[in-house]
Amino acid sequence: MSEVVEFPRSKPESTADQAHAAAFRDMESEVCDLARMAELVFMHVMGALSDLQDTRAHGHAALLAQLSVKTANDFRDRYYARYRGERANDA
């Protein structure tokens, strides 16, 4: 009878799997920071849009949105660098 479900074998993880797992573990706090930044941007933008006369709030919303984009791009760049084994430019 052939196997219907293939169960994982007890073989060691590959080097690529280990690098990938380490990259995820190393970046957990940065993932949380990025998620929190996005929440703050959303709350601030919604507040700014509710009061169209408040130009200061609009400026803050724009700054937070810009910082969110930079944070997300930096996150992506650090993730791929760590995945490739490059640890330079760590925050």
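Author: Helices (H or I, at least four residues) and strands (E, at least two) are DSSP runs, numbered from the N terminus. This is a predicted model: local features need pLDDT of at least 70, side-chain atom pairs count only at pLDDT 80 or more, and totals for chains, interfaces and linings use all residues. Residues are numbered from 1 along each chain as its sequence is written, and side-chain values use heavy atoms, with hydrogens and water left out.

Reader: What order do the elements of the protein run in from the N terminus on?

Author: The order is α-α-α. The protein has three helices and zero strands.

Reader: Why is arginine 78 called buried?

Author: Buried means under 20% relative accessible area, exposed over 50%, partly exposed in between (1.4 Å probe, protein chains only). Arginine 78 has 17% relative accessibility, so it counts as buried. Its place is in helix α3 (residues 55-83).

Reader: What makes glutamate 30 buried?

Author: Its relative accessible area is 14%, therefore glutamate 30 is buried. Glutamate 30 sits in helix α2. Of the 91 residues of the protein, 14% count as buried.

Reader: What makes the pair of arginine 78 and glutamate 30 a polar contact?

Author: A polar contact is a pair of N or O atoms within 3.5 Å; within protein, one must be able to donate a hydrogen and the other to accept it, and residues adjacent in sequence count only if both atoms are side-chain atoms. The side chains of arginine 78 and glutamate 30 make one at 2.5 Å.

Reader: Which residues is glutamate 30 in contact with, leaving aside its neighbours within four places in sequence?

Author: Contact means heavy atoms within 4.5 Å. Glutamate 30 has Phe75, Arg78 and Arg82 as partners.

Reader: Why does histidine 20 count as partly exposed?

Author: Histidine 20 has 32% relative accessibility, so it counts as partly exposed. Helix α1 (residues 15-26) holds histidine 20. Not counting residues up to four places away in sequence, histidine 20 touches Tyr79 and Tyr83.

Reader: How far apart are the C-alpha atoms of histidine 20 and tyrosine 80?

Author: They are separated by 9.7 Å, with the two residues 60 apart along the chain.

Reader: Why is methionine 46 partly exposed?

Author: Its relative accessible area is 45%, so methionine 46 is partly exposed. Methionine 46 belongs to helix α2 (residues 28-50).

Reader: What share of the contacts in the protein with a separation of 6 or more do residues 24 or more positions apart account for?

Author: Such residues account for 63% of those contacts.
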